[in-house]
Amino acid sequence: MTKRNTIESTAARTQGRLIASFGLDGVRQKAEREKDARFTALLHHVTPLLLKRSYYELRKNAAAGVDEETWQDYYQDHINRLTDLHEKVHKGSYRAQPSRRTYIKKEDGKQRPLGIAALEDKIVQQAVYIVLNHIYETDFMGFSYGFRPGRNQHNALDAVYVGITSRKINWILDADIQGFFDNLNHEWLMKFLEKRIGDKRILRLIRKWLKTGYIEKGKRYPQQVGTPQGSVISPLLANVFLHYALDEWIVWWRKNKTRGDVIVIRYADDFVVGFQNYTEATQFRTALESRLAEYGLSLHPKKTRLIEFGKYARQNRDKKGKGKPMTFDFLGFTHICSKNKKGSFFLRRRTVRKRFVKKCKEIKFKLRERMHDDVIETGKWLRSVITGHGNYYGVPGNMDMVKEFYTQCVRAWLKVLRRRSHKAQNLDWKRFKRYTDWLLKRPRMAHPFPEVRLGVRTRSRSRMR
């Protein structure tokens with residue numbers, strides 16, 4: 001007989017590429033079958049094995065929280081410590097620690113606060129995330145793409161492209177919720193969670209993470225609103241909040257208040273809504289502002305715009321003498337009404353200029369820091385940077401910007417090498433090109449046309465559920 005295990009069966013794979021236990025698989029099936037069901041017993045799914053898997057799923061090079069413990073430090077005795085952590089969680093003696101507050105610069109010059117949780121908090125949050133994800137992945141709308149397993153930015157970009165080119169879209173509302181993660185209302189979030197989660201122990205854990213606060217410059221601050229960006233559980237909580245506060249309302253509004261075509265694509269708190277009729281677009285924006293105000297949120301006044309955009313936008317604006325259609329930015333790309341070689345409408349997507357310039361300056365600065373490093377090591381580092389940039393921005397219609405980034409990197413490296421010494425000043429282009437051809441990778445298109453990829457993913461299914 002064939003040598004195989006005929007007694008134990010294999011658990012099904014989830015979208016997040018995690019092996020699910022039969023218990024969690026049953027949770028998903030029940031959540032999909034009974035849309036109003038409340039799950040009163042979920043914490044028992046947080047087993048030592050799930051905690052171990054959650055620990056392995058964490059980034060090994062992530063920054064440490066207030067406990068100053070890294071992934072490698074915890075690994076020395078992680079089996080016993082995970083067993084102890086499991087007992088604490090189930091006995092109720094587990095205490096969440098405050099996150100460590102740090103800041104990163106935003107494109108507009110402001111700073112975005114990040115909360116770095118302690119390592120054991122990350123482990124428990126990851127385990128709870130896996131459990132809850134089996135419930136909410138059956139509820140989330142098809143046009144929600146942010147921080148979901150099996151979905152990424154390019155899937156959202158594909159949906160925008162196909163929606164504008166295949167539907168009668170003439171107006172685009174490019175919307176952004178102002179300070180969403182900082183202003184998320186805890187009480188509303190808990191009410192939304194209680195619609196599906198009846199296990200008070202899970203709800204108590206989530207409330208602990210929301211209320212534990214943060215430490216900045218040695219002082220602890222409570223947190224009455226908002227959820228820390230950077231924590232493991234925050235993306236799921238944000239999607240749950242927006243699902244009930246925004247997504248379900250948009251589906252209702254589109255079904256009951258519109259007659260023309262409407263498309264919706266949301267990635268976290270940044271979303272695009274396309275309309276066929278101008279009247280419906282303005283009515284939706286007014287209603288949207290009122291809807292968000294009910295939950296203590298508002299649209300960003302500078303980042304939210306209603307513009308004329310679509311297949312016939314250029315023709316309509318030429319008749320009115322208004323010039324070219326305006327553009328909008330979404331997920332790092334500027335979307336432009338353009339034409340292909342045949343003269344037909346083509347939605348061109350180009351790297352946002354501010355991001356392009358900022359990245360080029362950053363590369364030049366880092367190359368100057370590496371001026372006297374080994375040439376081969378610097379070349380390998382630069383190759384990884386160029387490859388990563390091309391993997392994200394290498395979409396049809398944007399290859400000229402990707403090639404320009406490659407050229408800027410090569411020129412900056414040559415300039416740095418010529419400044420290493422007097423002898424290096426005589427480094428000619430032909431000799432340097434041998435290094436670049438050997439070490440660097442020429443940019444290539446990394447993504448197919450959107451209608452091809454989206455057609456494969458949504459074949460025999462509705463594009464927007």
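The model I am reading is a predicted one.

**Entry 1: Arg-207 and its partner**

I looked up Arg-207 first. Its relative accessibility is 31%, so Arg-207 counts as partly exposed. Which residue does its side chain meet in a salt bridge? I found Glu-187, at 3.6 Å from N to O. Glu-187 has a relative accessible area of 43%, so Glu-187 is partly exposed too. Next I checked where the two sit. Arg-207 belongs to helix H9 (residues 200-211), Glu-187 to helix H8 (residues 186-194). The pair therefore ties together parts that are 20 residues apart in sequence.

**Entry 2: Asp-247 and Arg-266**

I then went to Asp-247. The Asp-247 side chain forms a salt bridge with that of Arg-266, 2.8 Å from N to O. Asp-247 is in helix H10 (residues 234-257), and Arg-266 is in strand E6. They are 19 residues apart, and the pair links distant parts of the chain.

**Entry 3: Arg-81 and Glu-69**

I looked at one more pair. The side chains of Arg-81 and Glu-69 make a salt bridge of 2.5 Å, N to O. Arg-81 lies in helix H4 (residues 78-91). Glu-69 lies in the loop between helix H2 (48-57) and helix H3 (71-75). Twelve residues separate the two, and the pair links distant parts of the chain. Arg-81 has 27% relative accessibility, so Arg-81 counts as partly exposed. Glu-69, at 16%, counts as buried because the limit for that class is under 20%.

**Entry 4**

Strand E6 came up with Arg-266, and I followed it into its sheet. In what order do the four strands of this open sheet run? I read E6-E7-E3-E8, with antiparallel pairing. Strand E6 (262-267) and strand E8 (305-308) are the edge strands, each pairing on one side only. From one strand to the next, the twist averages 15°. I then took a closer look at E8 and its partner. Strand E3 (residues 171-176) pairs with E8 in the antiparallel sense, over four bridges. One position I checked was Trp-171, whose bridge partner in E8 is Glu-308.

**Entry 5: the sheet of E9, E10 and E11**

I turned to an open sheet of three strands, in the order E9-E10-E11. Its pairing is antiparallel. Strand E9 (328-330) and strand E11 (345-351) form the edges, and each pairs on one side only. Neighbouring strands here are turned by 40° against each other on average, direction ignored. How many bridges join strand E10 to E11? I counted seven, with E10 (residues 333-339) and E11 running antiparallel. Helix H6 (residues 153-166) does, touching E9, E10 and E11. The direction of helix H6 makes about 155° with that of E11.

Conventions:
Residues are numbered from 1 along each chain as its sequence is written. This is a predicted model: local features need pLDDT of at least 70, side-chain atom pairs count only at pLDDT 80 or more; totals for chains, interfaces and linings use all residues. Side-chain values use heavy atoms; hydrogens and water are left out. Two strands pair if DSSP finds at least two bridges between them. Axes are lines fitted to C-alpha atoms, for helices over the stretch in contact, and angles run from 0 to 180 degrees between N-to-C directions. A salt bridge is a side-chain nitrogen of Lys or Arg within 4 Å of a carboxyl oxygen of Asp or Glu. Buried means under 20% relative accessible area, exposed over 50%, partly exposed in between (1.4 Å probe, protein chains only). Contact means heavy atoms within 4.5 Å.
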